[in-house]
Amino acid sequence: MVYFISHKSNQLIMDIYTFFQLVIVTIAATTAMTLFSYIVSASFRELYKEPVLLTFMLSKLKLELSNKVKETLAWLLHYFIGFLFVLAYYFLWVNDILPISFLTAFLLGFVSGIIGIIGWMIMFKMSDHQPKIDFKGYYFQLLLAHIIFGLVATGIYTLSLTVLILTNAHVTV
């Protein structure tokens, strides 16, 4: 085990590692979810791409920004929301509120999907933006995409814990 001179510096370093761990989990889970949405969108020839829809939402806000900046903001917003979900999962796991398991991964994804659907309903309502999409199909694929998100987030988080345990087991100071 590695010891630090002060407890505070130890805590600071652990927080940085945890932050980067959660960023990696977020990137993996949000990317998997987004790939699923893009595949379903292409398969059904529908606009089910969250970053594209977020770009349209930003356009409806009449922001004086270029389309490229709106697209970039939409992608950043998409991953930031993913980070907030991962942060919530992390809180539930580290406080032993929920165990890390396949079932809870599925349930976290399902609940995240319901939250996502409600969020999109509110955004569409508030912005008066009614894209020409099959809303029932969009919301169903959004639910499935979030289940994938929950499964991937849990899997990558578990993998990162395993790597952390294995690397710490072989470090001697």
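Reader: Between which helices is the loop where R45 lies?

Author: R45 lies in the loop between α1 (7-44) and α2, where helices are DSSP runs of H or I with at least four residues, strands are runs of E with at least two, and both are numbered from the N terminus. The model is predicted, so local features need pLDDT of at least 70 and side-chain atom pairs count only at pLDDT 80 or more, while totals for chains, interfaces and linings use all residues. Residues are numbered from 1 along each chain as its sequence is written, and side-chain values use heavy atoms, with hydrogens and water left out.

Reader: Why does R45 count as exposed?

Author: The relative accessibility of R45 is 76%, and exposed means over 50% relative accessible area, buried under 20%, and partly exposed in between, with a 1.4 Å probe and protein chains only; R45 therefore counts as exposed. The backbone of R45 also has a positive phi of about 50°, although the residue is not a glycine. Most residues other than glycine have a negative phi.

Reader: What makes D96 exposed?

Author: D96 is placed in the loop between α3 and α4, and with 68% relative accessibility it passes the cut-off for exposed. Its phi is positive too, at about 55°, and D96 is not a glycine.

Reader: How do you know that V111 is partly exposed?

Author: V111, a residue of helix α4 (residues 102-127), has a relative accessible area of 48%, and is therefore partly exposed. L107, which also lies in helix α4, counts as partly exposed at 41%. In space L107 is 7.8 Å from G150, C-alpha to C-alpha, although 43 residues separate them in sequence.

Reader: What makes a nonpolar patch of F102, L103, V111 and the others?

Author: Patches are made of residues with over 30% relative accessible area and no salt bridge, where like charges are joined within 9 Å and nonpolar side chains (Val, Leu, Ile, Met, Phe, Trp, Tyr) within 5 Å; a salt bridge is a side-chain nitrogen of Lys or Arg within 4 Å of a carboxyl oxygen of Asp or Glu. The patch includes F102, L103, L107, V111 and M126, and its members have about 1,100 Å² of accessible area together.

Reader: Why are α2 and α4 called roughly parallel?

Author: Their axes come within 10 Å and cross at roughly 30°, the axes being lines fitted to C-alpha atoms, for helices over the stretch in contact, with angles from 0 to 180 degrees between N-to-C directions. Angles under 35 degrees count as roughly parallel, over 145 as roughly antiparallel, 65 to 115 as roughly perpendicular and the rest as oblique, and α2 and α4 are therefore roughly parallel. Their crossing is left-handed, a word used if the near helix is turned anticlockwise from the far one by less than a right angle, whereas clockwise gives right-handed.

Reader: What makes α3 oblique to α4?

Author: Helix α3 (residues 67-94) packs against α4 at an angle of about 140°, with the axes 12 Å apart, and that angle makes α3 oblique to α4. This crossing is right-handed.

Reader: Why are α2 and α3 called oblique to each other?

Author: The axes of α2 and α3 come within 8 Å and cross at roughly 120°, and the pair is therefore oblique, with α2 passing α3 in a right-handed crossing.

Notes
Accessible areas come from the Shrake-Rupley method with a 1.4 Å probe; for residues, only the protein chains shown count as cover.
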